[in-house]
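Please open the structure in a viewer and keep the selection tool at hand.

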Amino acid sequence: MFPHRHLLGIEGLKAPEITTILDLSEAYVAQNRKTNKHLDVLTGLTQINMFFENSTRTQASFELAGKRLGADVMSMAMQASSIKKGETLIDTALTLNAMHPDILVVRHPNAGAVNLLASKVNCSVLNAGDGRHEHPTQALLDALTIRRRKGRLHRLTVAICGDIAHSRVARSNILLLGQMENRIRLIAPPTLLPSGIDQFGVEITDNMEEGLKGADVVMMLRLQKERMDGAFIPSEREYFHRFGLDEAKLAHAKEDAIVMHPGPMNRGVEIDGTLADDINRSVIQEQVEMGVAVRMAAMDLLARNLKAWRMRDAEVMV
Amino acid sequence: MILTNARIIDPEAGTETQGAVRIENGRIAEIGDIDGDGIDCRGLCLAPGIVDIGVKVCEPGERHKESFRTAGLAAAAGGITTMVTRPDTDPVIDSPEILQFVQRRAASDAVVNVLPMAALTKNRAGREMSEIGFLKDAGAVAFTDTDHVTQNTRVLQRCMTYARSLDALVIAHPQEPVLSAGTCVTSGPFASKLGLPSVSPLAERMGLERDIALVSATGVRYHADQVTCSASLEVLARAKAVGLDVTGGTSIHHLTLNEFDVDDYRTFFKVKPPLRAEDDRMAAVEAVASGLIDIISSMHTPQDEESKRLPFEEAASGAVGLETLLPASLRLVHAGHLSLAGLFRALSLNPARRLGLEAGRMAKDAPADLVLFDPDVPFQLDRARLRSKSKNTPYDLQRMQGRVERTLVGGTTVFEREAT
């Protein structure tokens, strides 16, 4: 139930396909809690992580996921390599492609760059975040976390708060949660909302109390200071006052509402530090755990397709 | 020479008539029922050749993208008899010496007429005025910094005031430079889905408002080269209503494509300004039909594969258009928005008039710059077969209707389609 060659975005995934990934992820959550975490699902396959943008947690998560499944994993910090020598993205991709990798995990600062790369290589490509476009595995790990905590992934009220304009996490989450028929509320100052977002099937407010009312899930986004070039918000303290999540604002959500954050957090800017550490409300650490499982599931499914297609191609050749 | 049995399109009179055209000494000598043997046009359309304002020929500087030879051949094959070339070359055409280089190259290599424009400010940097007087004497037909919008309003005001004293035509790309900096698509739900940096059509309107205010203060002759959305069409209409010497143009891409064509980050659809929403495209089409937009251009901008095979944000802007201008424009005719005579007002008559040229007319004594074309013949565009050195057309593999059969410049055939 997952007929795809690449995982470039949530766009194009159907509800049953999302469920397929999440179901398989559950098995890997259990596996990851065992003492012996090693499996041979990807044995013999080569996974290359190409990160054209700084990343610690996502890169570590993909690397660990690949290693636990038995793949040969290589991580490349692309900022430090050939890009500096003026090589284009496509040339870099073709060079690596010639080494016969089976899975490429790519993060790039430009929207659409991963799609471009995927069109030039003959292996499976996973998007680990491209510009402000998509970050599909983050949305999937968020979905898995929600489903485990809430027992379902539909008919929930999910509030997504903060810097939506610069966030690929928000876009992927809006697509996924919408596909699974949830009610989505966006809470942000209007300067941090992308244009035309009202046509994405979401409710929009710039009032935290109003937006959090009755929410089952509160998803906080990082204020992407590095992507900002002036005058989006007056100051961090005013932002925290109006849009930062603290106990008082969270009191408007449902009593059992969970608090999520894709990390890394700006404590005291978008989320109160104590709340982030509150194990009764915050599932931030669990999100990280789910991340490894979801990435294992995604790579497993793509590798199954890859093997099947290669077998079919080989038959055609004969 | 006599061209017989033609469907003669007269954009001035707004008519189509059957008849013949006699050419003598490079000019139209007679139109009507003419006895005698000549070239049988088989009832195809004969119109004044296209005058295309804003063609980029990449000489000097980037001859691997386009040269006067290849641009001339492409223009001839597209029914364009006069290319009005842009100064955004490397180096910029901002001195009479560089202008003369371009004129020399054009005269020796291009099979169609070439009239160069020069930069309004030195190096198109928006700081110092270029030598408008010298350049005009040397043959520059208009002054423009193309897509480099003059940020400093005081500089622009002085350039316009000075240009006014020489009766020079200033052509500008209306855009608020700060709002549009670093953007590559039109804002809206589609841009947000793609996650690309976007600009509101408001930026074009604000840029045009500023320019129009300066035009009314200085009295300069002004042409806005790309008016692409309904918000700025209102501004253009107001300027014309109060009698300012203002004209508006748009590119064929903004008349035939919209923002959705970018689809999955297709960089051949990256142009400046970015493709607009369908409502704005339709508003521009209606403005051409009503005459509010005076001129349609190809905005021919050659880019090599390397500069397009990049992530969308980093890829170069622009599309080639010399050979596709006429067939793409004919879409507007086939869709019932324009008559053939109305189309050739925007392609030939109006641009020629704006530049004070004799061309663009189907009249006795006008230069015999003519295009003979079949408006209906269908074909599928294959970009590999374009005559331009660069093949960055957004119409690749698209179905089009209408093809040039023969092009004449000054009575001489410069293109004739080979029988297939």
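**Cavities, a surface patch and salt bridges**

The residues that line the largest cavity fall into 5 nonpolar, 5 polar and 3 charged. The model on display is predicted. To reach this cavity, select His148(B), Val149(B), Thr150(B), Ala172(B) and His173(B), which are the closest to its centre among the 13 lining residues. Over the whole structure, the search finds 4 cavities of 30 Å³ or more.

**Second stop: another cavity in chain B**

Select Val185(B), Thr186(B), Phe190(B), Ala191(B), Leu194(B), Glu259(B), Val262(B), Pro274(B) and Leu275(B), the lining of the second largest cavity. Its volume is about 50 Å³. Which helix provides the largest share of this lining? Helix H6(B) does, with 3 residues. Strand E10 (185-186) and helix H6 (189-194) of chain B each supply at least two of the lining residues. By class, this lining comprises 7 nonpolar, 1 polar and 1 charged residues.

Move to the surface and select Leu179(B), Leu202(B) and Met206(B), which together form a nonpolar patch with about 260 Å² of accessible area. Leu179(B) belongs to helix H5 (residues 177-180) of chain B. The relative accessibility of Leu179(B) is 43%, so this residue counts as partly exposed.

Across all chains, the count of salt bridges comes to 42. Select Arg276(B) and Glu204(B), whose side chains meet in a salt bridge of 2.9 Å, N to O. This pair links distant parts of the chain, 72 residues apart: Arg276(B) is in the loop between helix H9 (252-256) and helix H10 (278-290) of chain B, and Glu204(B) is in helix H7 of chain B. Are these two partners buried or exposed? Arg276(B) counts as buried because its relative accessibility is 2%, and Glu204(B) is likewise buried, at 0%.

Now select Asp167(B) and Arg221(B), a salt bridge in which the closest N and O atoms are 3.4 Å apart. Here too, distant parts of the chain are linked, 54 residues apart: Asp167(B) lies in the loop between helix H4 (153-165) and E9 of chain B, while Arg221(B) lies in strand E12 (residues 221-224) of chain B. Asp167(B) is partly exposed at 40% relative accessibility, and Arg221(B) is partly exposed with a relative accessible area of 21%.

Turn to chain A and select Asp23(A) with Arg147(A), a salt bridge whose closest N and O atoms are 2.9 Å apart. Asp23(A) is in helix H1 (residues 15-32) and Arg147(A) is in helix H5 (residues 136-150) of chain A, so the pair ties together parts that are 124 residues apart in sequence. Asp23(A) counts as partly exposed, at 42% relative accessibility, whereas Arg147(A) counts as buried, at 18%. The cut-off for buried is under 20% relative accessible area.

Technical notes. Residues are numbered from 1 along each chain as its sequence is written. Chains are lettered from A and ligands numbered from 1 in the order in which they are written. This is a predicted model: local features need pLDDT of at least 70, side-chain atom pairs count only at pLDDT 80 or more; totals for chains, interfaces and linings use all residues. Side-chain values use heavy atoms; hydrogens and water are left out. On a 1 Å grid over the protein atoms alone, a cavity is a set of points where a 1.4 Å probe fits but cannot get out, and a pocket is an open set with protein on both sides within 12 Å along at least five of seven lines; lining residues have an atom within 4 Å of a point. Grid points are joined across faces, edges and corners, and a volume is the space filled by probe spheres set on the points. Ala, Val, Leu, Ile, Met, Phe, Trp, Tyr, Cys and Pro count as nonpolar, Asp, Glu, Lys and Arg as charged, and the others, Gly among them, as polar. Helices (H or I, at least four residues) and strands (E, at least two) are DSSP runs, numbered from the N terminus. Patches are made of residues with over 30% relative accessible area and no salt bridge: like charges are joined within 9 Å, nonpolar side chains (Val, Leu, Ile, Met, Phe, Trp, Tyr) within 5 Å. Accessible areas come from the Shrake-Rupley method with a 1.4 Å probe; for residues, only the protein chains shown count as cover. A salt bridge is a side-chain nitrogen of Lys or Arg within 4 Å of a carboxyl oxygen of Asp or Glu. Buried means under 20% relative accessible area, exposed over 50%, partly exposed in between (1.4 Å probe, protein chains only).
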